[in-house]
Amino acid sequence: MTYKELQGLDLKHIWHPCSQMKDYESFPPIVIECGEGVWLYDKLGNRYLDAVSSWWVNLFGHSNPRISQALAEQAQKLEHVIFANFTHEPAIRVAEKLVELTAKGLEKVFFADNGSAAIEIALKMSFQYRAQRKQPKKKRFLAFTNAYHGETLGALSVGGVDLYNEVYAPLLLNVVHTQGPDCFRCPFGESPATCNAPCTQYVEEEFKQHADTISAAIIEPLIQAAAGMKMYPPVFLKKLRALCDEYDVHLIADEVAVGFGRTGTLFACEQADITPDFLCLSKGITGGYMPLSAVLTTNEVYNAFYDDYGTMKAFLHSHSYTGNPLALRIVQEVLAIFEEDQVLTNLAFKQKLLQDLAHIAFDHLPYVGEYRQTGFVGAIELVANKETKSPFPSEERIGYQIYQRALEKGLLIRPLGNIIYFMPPYVISDEEIKWMIDTTKEVIVQFFKERHE
């Protein structure tokens with residue numbers, strides 16, 4: 001079957017995610033044959049540097065020999081088993097290791113199969129905890145503007161990006177929304193390097209009015225990813241944790257996107273030295289190989305569910321593939337790679353290289369409002385006016401057009417509106433980082449040159 005025939009068959013039957021399918025008429029899907037390291041290869045032999053880690057999941061490169069071998073060996077032993085009343089060693093080892101690696105006080109691990117599911121679990125656990133601790137009025141959640149926590153209805157409810165939420169508004173939970181941190185367009189005129197997070201006053205105002213009805217607050221630590229890689233300092237998290245303690249509100253940390261080294265530490269909450277009541281993990285947890293998520297919580301939460309069956313206090317949430325042995329064996333290997341290969345230590349040098357090269361390449365460009373970076377996540381915010389920071393109209397699809405041009409040159413930098421970002425696999429070489437930056441600058445400069453001709 002020819003390449004074009006495969007594309008045609010795809011479009012005949014497949015509905016792709018996060019896409020207006022009409023776009024595919026002029027820009028059909030690229031048929032990928034294989035991957036190696038940071039590179040993806042299509043069936044025509046073209047290659048693409050995966051600068052977005054295939055939606056932020058890949059840590060150690062495509063077709064990683066060590067992870068592939070672990071998966072193959074596990075597949076010969078046990079592919080899956082019901083996780084109610086049964087268990088297996090990969091699950092036991094991973095749970096033990098996650099408790100060891102995460103913040104002190106997180107002692108219990110509940111497995112699921114994707115990030116949205118992890119968010120739903122945390123919301124439900126918090127809600128049921130309140131009911132079983134005789135706090136029935138606490139049944140709402142506090143969420144932030146520009147937040148993104150997933151696509152299921154509970155996760156959408158605590159999100160704040162209209163692009164995803166607006167059409168479903170009649171179906172969503174009654175959530176208290178508050179202003180999130182916006183360091184690029186800070187209403188207080190502060191710099192994130194020196195500020196004391198005065199924007200937490202918005203949270204406190206909502207707590208003063210509604211804390212008696214709020215069960216939990218949910219936040220993406222340090223980076224609001226889908227909102228456009230909006231970054232903020234750890235002091236905001238530290239003050240949020242203190243406010244949650246003061247007003248008896250659980251704190252849910254959604255580290256689905258930012259966990260496992262993306263922010264420069266294994267988990268983002270480390271940088272604020274806080275322990276959330278719930279920690280949601282997914283994406284990089286399996287190095288990009290298989291769906292899996294985990295929710296870690298405290299013994300205080302766990303004990304509210306622990307009783308005789310007849311009390312009906314058990315947490316009865318379940319997924320068919322909960323605790324999948326294939327996925328968990330991969331997690332074992334991913335965590336071993338972090339430890340044995342000193343990943344975070346070695347990554348610090350690449351983070352600095354990325355930052356230095358990016359500032360040199362982009363800071364002086366008239367349509368770049370800011371280059372910002374946290375850990376190994378970098379973002380270019382394209383603006384219509386650099387002085388006023390006014391954005392390009394979304395209907396112009398500036399980022400999308402640049403994305404298409406980059407693919408023609410072999411670079412995958414899928415945009416978030418007017419934001420072009422880098423979140424590459426950790427195995428990217430210094431030379432590949434330089435090529436990624438140089439190629440991005442080339443396509444951006446060329447795009448705006450042609451736009452103004």
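Which side chain meets that of Arg397 in a salt bridge? The partner is Asp23, with an N to O distance of 2.9 Å. Keep in mind as you read on that this is a predicted model.

## A link across the sequence

Arg397 is partly exposed, at 35% relative accessible area. Asp23 has 17% relative accessibility and therefore counts as buried, since the cut-off for that label is under 20%.

Glu333 is buried at 11% relative accessible area, whereas Arg66, at 29%, is partly exposed.

Asp182 and Lys230 form another salt bridge, in which the closest N and O atoms are 3.9 Å apart. Here the link runs from the loop between S6 and helix H8 (200-210), where Asp182 lies, to Lys230 in strand S9 (residues 230-231), a separation of 48 residues. Asp182 is buried, with a relative accessible area of 19%, and Lys230 is buried at 14%. Elsewhere, shared partners join the salt bridges of Arg66, Arg329, Glu333 and Glu340 into one network.

Now for the inside. In soluble globular proteins, nonpolar side chains tend to be buried together. In this model, the largest nonpolar core has 108 residues, and Phe207, Met229, Phe362 and Leu382 have the most contacts inside it. Helix H11 (residues 325-340) gives the largest share of this core, eight residues. A second, separate core has 25 residues, among them Ala117, Val175, Ile252 and Phe305.

Setting aside neighbours within four places in sequence, Phe362 is in contact with Val368, Tyr371, Ile380, Phe422, Ile437, Thr440, Lys441 and Ile444.

What about the surface? Leu153, Val167, Tyr168 and Leu171 make a nonpolar patch there of about 400 Å². Tyr168 belongs to the loop between helix H7 (162-165) and strand S6 (176-178). With a relative accessible area of 37%, Tyr168 is partly exposed.

Key: Residues are numbered from 1 along each chain as its sequence is written. This is a predicted model: local features need pLDDT of at least 70, side-chain atom pairs count only at pLDDT 80 or more; totals for chains, interfaces and linings use all residues. Side-chain values use heavy atoms; hydrogens and water are left out. A nonpolar core is a set of buried Ala, Val, Leu, Ile, Met, Phe, Trp, Tyr and Cys residues joined through side-chain atoms within 4.5 Å. Buried means under 20% relative accessible area, exposed over 50%, partly exposed in between (1.4 Å probe, protein chains only). Helices (H or I, at least four residues) and strands (E, at least two) are DSSP runs, numbered from the N terminus. Contact means heavy atoms within 4.5 Å. Patches are made of residues with over 30% relative accessible area and no salt bridge: like charges are joined within 9 Å, nonpolar side chains (Val, Leu, Ile, Met, Phe, Trp, Tyr) within 5 Å. Accessible areas come from the Shrake-Rupley method with a 1.4 Å probe; for residues, only the protein chains shown count as cover. A salt bridge is a side-chain nitrogen of Lys or Arg within 4 Å of a carboxyl oxygen of Asp or Glu.
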